[in-house]
Amino acid sequence: MAECKDLTLKPVNGRWIDLRDTFNVVFIRYHLTKKNTLLFQGFYPFDNPKGYDLVAEMNGKPYKMDITINEGNEVRRRYIAAHKSVSKEYVGEIELPENLKDVKSLQLICVLGDTRSVVYKATGRDLEKLKKEYEYNLERAAVTDDKIQILGWAIGNVPEEFHLYDGNTEIPISVKRMFRKDVYGVYPELTEKCDSGLEIVFDKGNYKKLRLTITANGQVYDCKVDTPHVLTGGNLLPKKTLWERIELYRQDNGLGATIKHAIDKFKNADAPKYTYMDFLTSFGPTEVELQRQRNEKFEYNPLMSIVVPMYQTPEKFLVELIDSIVAQTYANWELCLADGSPDDSIGKFIEKKYGGDSRIKYTHLEANLGISDNTNAAIALATGDFIVLSDHDDTLAPNAMYECVAAINKDRSIDVIYTDEDKISMDSKEYFEPVFKPDYNLDLLCSVNYICHLFIFRRDIYEKVGAFNKEYDGAQDHDFILRCCEAAGNVYHVPKALYHWRSHAASTAMSAESKLYAFDAGVRAVQAHYDRLGIPAKVEQDTFYGCYRTIYQWDKEPLVSIIIPNKDHTDDLDKCIKSIDAKSNYKNIEFIIVENNSTEPETFEYYKSIEGRPDVKIVRYETPGFNFSAINNCGAKAASGEMYLLLNNDTEIINEGCIREMVDVCLRPDVGICGALLYYPDNTVQHAGVVMGIGGIAGHTFVGLERSEPGYMFRAVTTQDLSAVTAACLMVRKEVFDEVGGLTEDLAVAFNDVDFCMKVRDKGYLVVYNPHAELYHYESKSRGYEDTGEKVARFNSEVEKLEKRWPDILEKGDPYYNPNLSILDGWFRLKEE
């Protein structure tokens, strides 16, 4: 047998790779339909495993193996919690000899150059133990007043019989089969019509020792069940095989968490924390890519004028800035330097060091004119098609101009471009605090200057909006960016950190009080924006320095119909209504209580106590079952308001301006929906908006964040545009609700609010998250997973429907998030390999 080196670490692209992480085998089993065929499933923990190869060896010699690669949303969701950006699943098939005694060793090996890492090995005896013609697992139990339900799955493509015994006494059961998308994903050789889900229902009783037998293909499988768990409802104990233990863990924690758990078993607990420098090593441009960019020929080669205002610039930093521009992979640029320093020593230095490069222009100003007019003087030197803003002591990534020109070549209508950014240490050795931004987000821009650097605009935009205005010095860039975006037809975001902002790592939290003048200027800059647009609003500094709050001053108070579905739970409903009665300063409201098949007499007594109020309507939704979409649509038909507030009965408003805040946002004609900031009772965040793709489909941001924390880029506490918000508290104008046909009733329970927001956005309206509308949401943090086969099947069905309705955003990524951020959760963490 070829020697398998003991080396597990190898330098790849400038850093050490642990080969134990190059390929992860998740499952090894026999193919269900191909005789004597071993099947494995797994993934590489990085998107592009260039140079890696998977090979099989039997008895020390190469052995044939077929590999299929699966891609798509289902794969990403399956491996989402592995803390990796997994987008591809590898399924390998190995046809084994009929006589496994001839197999002394079978190895699956990951190869990188001359280094090999064994990721799976087995003997013939091991493979014999894996042989199964039938697979099954009992996952959990559920208990009602008079019935017990055992849930799980069973597959084998053969006729089967099920019998349940208590000791030697057989218990009558009913067996139901249903489609299980999660099982289908793990067993890709199944057909989509395979009803692998298993539900066994029997009468509740005082059982001593339960035992289930399954007869399939002439073989009897004797399943011992954990009787105490069955009688109380809960997870069943792990069974004797490794696969069954894995599957049980998956049901409790999800498949992604199971994968992560398995991976973590093999990881060094003392491994260093993943840092932004690691991220740059993994995802930054390689020298090969930079050379490719230098060689590329664009159809359109605009002149990019990089303008830099200067004042007593340290020579070291100026050299680093100019060198970073000279190193650009796109060569059609000019550098325009306007220096307001007392003497011309910098000019002489530039002439001596860079005088041979005609692309570098320098002027010495008669006096220091301030940041705005110094910038205007630099722009006066520019002759380019696009103007690029830079500070005098920062640096540009070598691919900065290339990436922007590449975007312009793909879409010639682009007027304004901005990029992501990060910080660079004073010694230029460390990059830190990346700012990975959303695509153009006007409401966020009015809340905080998230665009900042790198900012690029067409020359004719500058000529249209005018120069930098020194009245806003300190926030002159915020004012100028707002004016450019107002005039632009197309604002484009390049999601790469192409600008490096010079800063002390320890000084990023410098005393904000020293910059109060800048924050005051920021208030005035945003105020001027609203004044230009004719929007009646007053801008104030918000809780966090550098953040601004918009208070609209409309001259109308439309009627708001608060639609609250309810089935029993009158204590929750009463608390919800009383919080609005007692706290809300917005009084032009009506309550539409949608009664949904309540059964408790106390519920109807409560209705009698409130239905005499002139602002309360009790509407009865009489269709059996729970359909959140249909229930709210029913309430909307009875509503009289110009605004609908969809509200869960287990919510309680916190601030008196809660409803008014949402009304004011929805009165803007460009807005369709406004959502709120929801907290758990312990004052941690339950909802601060929804990001498409989180958890594989859609998820809340900042769940569990302390109430006092602002979140990444202040995004938990600033008004902003998002793809979706939760319908636990969602306001929409009646005309918009009607235009999109209300909520989609085919999505009964899950993702109907996400779909509704997407429908509204598809009509051209904005969905706005307003954190100044605050509520408690008493939904339990530990609500848990779908706990019946029917619910699991319905949930999977609704996931699939959402994927089919909005495939583009799930495939391309949420425009209000960032592709450099992880979609494992909504915490805006760096994605990993």
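**Exercise 1.** Which residues does S561 touch, not counting residues up to four places away in sequence?

*Solution.* Start with the location: S561 is found in strand β30, residues 560-566 (strands are DSSP runs of E, at least two residues, numbered from the N terminus). Next, list its contacts, meaning heavy atoms within 4.5 Å. S561 touches E590, I592, A639, S640, G641, M643, Y644 and L645. Then look at G641: its backbone nitrogen lies 2.8 Å from a polar atom of the S561 side chain. Last, S561 counts as buried because its relative accessibility is 0% (buried means under 20% relative accessible area, with a 1.4 Å probe and protein chains only).

This is a predicted model, where local features need pLDDT of at least 70, side-chain atom pairs count only at pLDDT 80 or more, and totals for chains, interfaces and linings use all residues. Residues are numbered from 1 along each chain as its sequence is written, and side-chain values use heavy atoms, leaving out hydrogens and water.

**Exercise 2.** In what order do the four strands of the open sheet stand?

*Solution.* The order is β11-β12-β16-β15, with antiparallel pairing (two strands pair if DSSP finds at least two bridges between them). At the edges are β11 (135-143) and β15 (174-178), each pairing on one side only. Between β11 and β12 (residues 147-155) there are eight bridges. Y136 stands opposite A154 in β12.

**Exercise 3.** What is the mean pLDDT of the protein chain?

*Solution.* pLDDT is the predictor's confidence in each residue, from 0 to 100. The mean is 84, and 85% of the residues reach 70 or more. Over residues 247-254, pLDDT stays under 50.

Key. Buried < 20%, exposed > 50% of the residue type's maximum accessible area, 1.4 Å probe, protein only. Polar contact = N/O pair within 3.5 Å; in protein donor to acceptor, adjacent residues only side chain to side chain.
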